[in-house]
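This briefing goes through a single protein chain, grouped by topic. Please keep the model open while reading.

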Amino acid sequence: MTAAPDTITGSDHSVAKRVPLPEIEPAPNSPSARFLVGLFVIVPLLAVAAAVPLAWGWGLSWHDVVIGLVFYVVSGLGISMGFHRHFTHLSFKAALPVRIALAIAGSLAVEGPVLVWVADHRRHHKYSDRDGDPHSPWRFGDDWKALAKGLLWAHVGWLFNPNRTSQSKFCPDLIADRPIHRMSRLFPLWVAVSLLGPALIGGLWAWSWTGALTAFFWASLVRIALLHHVTWSINSVCHTFGNEDFEVRDKSRNVAWLAIPSFGESWHNLHHADPTCARHGALRGQIDISARVIRWTERLGMAWDVRWPDQPRLAAKLTGLRNKPLGAMTRQRLDKSGGRVTPLWR
Ligand SMILES: [Zn+2]
Ligand SMILES: [Zn+2]
């Protein structure tokens, strides 16, 4: 993450005062804002439960599956490649149209405006699994009861915390970034597109109201619920269970079974070991779809200064617990014959 300026200058021009910025906004989230969060958490979950009887024989067509899959991939990549790797950690630089597309795509996931998401996530990295982390599963202790409570907190409970992470403190770069700040302010519009877009496409495709309704159900509600849970699992599951391939000071872990639905985000142990690295699945065989898309974008000349895994730096952090070598896209790797450093690509 970028270093946020830790001070502001006082308004008195004669004496430039430097005082620390507060990390929590002075005004907490209103009860109505928290109610809205609850609505977005619970309604899609109820939708999934109600979906089971609908799935048999009627109420679900391949149109819904295709529309749902396209929206899942676009919004999921928007979160992983956009909100997380580009906007939060500056793992790569990109052309303005790409940045705007990523800001909109991530907003379609309905996980909050980009500035809110980035501020929370930068605070998570600053304090990971310590006091100040907005969503650590270890918040209540490490016995099984405290951990069960902590998992629920890390997964979803933290969203109801009225304290808001200060954007002035954690993402002044994005506040100053006018096009992205504007996309962040337009969040309600992206939510409407995310909810109603599939219904419109489904209705026109099937040329029926039923087509619109089933697409709304599956490709909007169910798709949003699924991606929510995958994203939240990175905060809960990937800070509790899994492999410690790299040395970290927190409890972040690599979780293989979440790699494909999370677009590579579940290689969370490497991510905490080297947060600005553009590839999270840095070991051989670790599928990282976002890293692949970043690579394609780089080849098209629309992304640059990509922070690919750095062999000497990562090798020093390998725990060696599973004896896995670093994988593709690593900038350099030791030549087996003589220990000479050779470029792996380019
Ligand atoms: Zn984490
Ligand atoms: Zn991160």
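## Overview

Y72 counts as buried because 21 C-beta neighbours lie inside 10 Å; a residue is buried if 20 or more other C-beta atoms lie within 10 Å of its own, exposed if 12 or fewer, and partly exposed in between, with C-beta atoms placed from the backbone. The model is predicted, so local features need pLDDT of at least 70 and side-chain atom pairs count only at pLDDT 80 or more, while totals for chains, interfaces and linings use all residues. Residues are numbered from 1 along each chain as its sequence is written, and chains are lettered from A and ligands numbered from 1 in the order in which they are written.

The protein chain has 13 helices and six strands; helices (H or I, at least four residues) and strands (E, at least two) are DSSP runs, numbered from the N terminus. Of the 346 residues in the protein chain, 43% are buried. Two residues are in contact if their C-beta atoms, placed from the backbone, lie within 7 Å. Among contacts in the protein chain between residues at least 6 apart in sequence, those that join residues at least 24 apart make up 64%.

- Helix α2 is mostly covered, with 19 of its 27 residues buried.
- A kink of about 30° in α2 is centred on G82; the bend at a residue is the angle between axes fitted to the seven residues ending there and the seven starting there.
- Y72 has its place in α2.
- Apart from neighbours within four places in sequence, Y72 is in contact with R223, L226 and L227.
- The C-alpha atoms of Y72 and S220 are 9.1 Å apart in space, although these residues are 148 residues apart in sequence.

**Helix packing**

- Two packed helices are described by the angle between their axes and the distance between the axes.
- Axes here are lines fitted to C-alpha atoms, for helices over the stretch in contact, and angles run from 0 to 180 degrees between N-to-C directions.
- The axes of α2 and helix α12 (residues 289-299) cross at roughly 75° and come within 10 Å.
- That angle makes α2 roughly perpendicular to α12, given that angles under 35 degrees count as roughly parallel, over 145 as roughly antiparallel, 65 to 115 as roughly perpendicular and the rest as oblique.
- On the α2 side L77, S80, M81 and R85 take part, and they meet S290, V293 and I294 in α12.
- The axes of α3 and helix α8 (residues 178-185) also come within 10 Å, with a crossing of roughly 20°.
- This makes α3 roughly parallel to α8.
- The crossing of α3 and α8 is right-handed; a crossing is right-handed if the near helix is turned clockwise from the far one by less than a right angle, and left-handed if anticlockwise.
- P179, I180 and M183 in α8 meet L96, R99, I100, A103, I104 and S107 in α3.

- Helix α9 (residues 187-206) has 20 residues and reaches 29 Å from its first C-alpha to its last, close to the 28 Å expected at 1.5 Å a residue; the expected span is 1.5 Å times one less than the number of residues.
- At L196, shortly before the proline P198, α9 has a kink of about 35°.
- W190, S194, P198, A199 and G202 are the buried residues of α9, and their cover includes α2 (62-88), α3 (96-107) and α10 (209-236).
- The twelve residues of helix α5 (residues 144-155) should span 16 Å at 1.5 Å a residue, which agrees with end C-alpha atoms that are 16 Å apart.
- Buried residues in α5 are G150, L151, W153, A154 and H155, and what covers the buried residues of α5 includes α10.

**Positive phi angles**

- L90 is not a glycine, yet has a positive phi of about 50°.
- L90 follows α2 and is found in the loop between α2 and β3 (93-94).
- L90 is partly exposed because 16 other C-beta atoms lie within 10 Å.
- W207 follows α9 and has a positive phi, near 50°.
- D305, which is not a glycine, has a positive phi of about 50° and is found in the loop between β4 (303-304) and α13 (311-317).
- D305 counts as exposed, with 11 C-beta neighbours inside 10 Å.

**L45 in helix α1**

- L45 has its place in helix α1 (residues 31-55) and counts as partly exposed, with 16 C-beta neighbours inside 10 Å.
- L45 and H228 are 183 residues apart along the chain, and their C-alpha atoms are separated by 9.9 Å.
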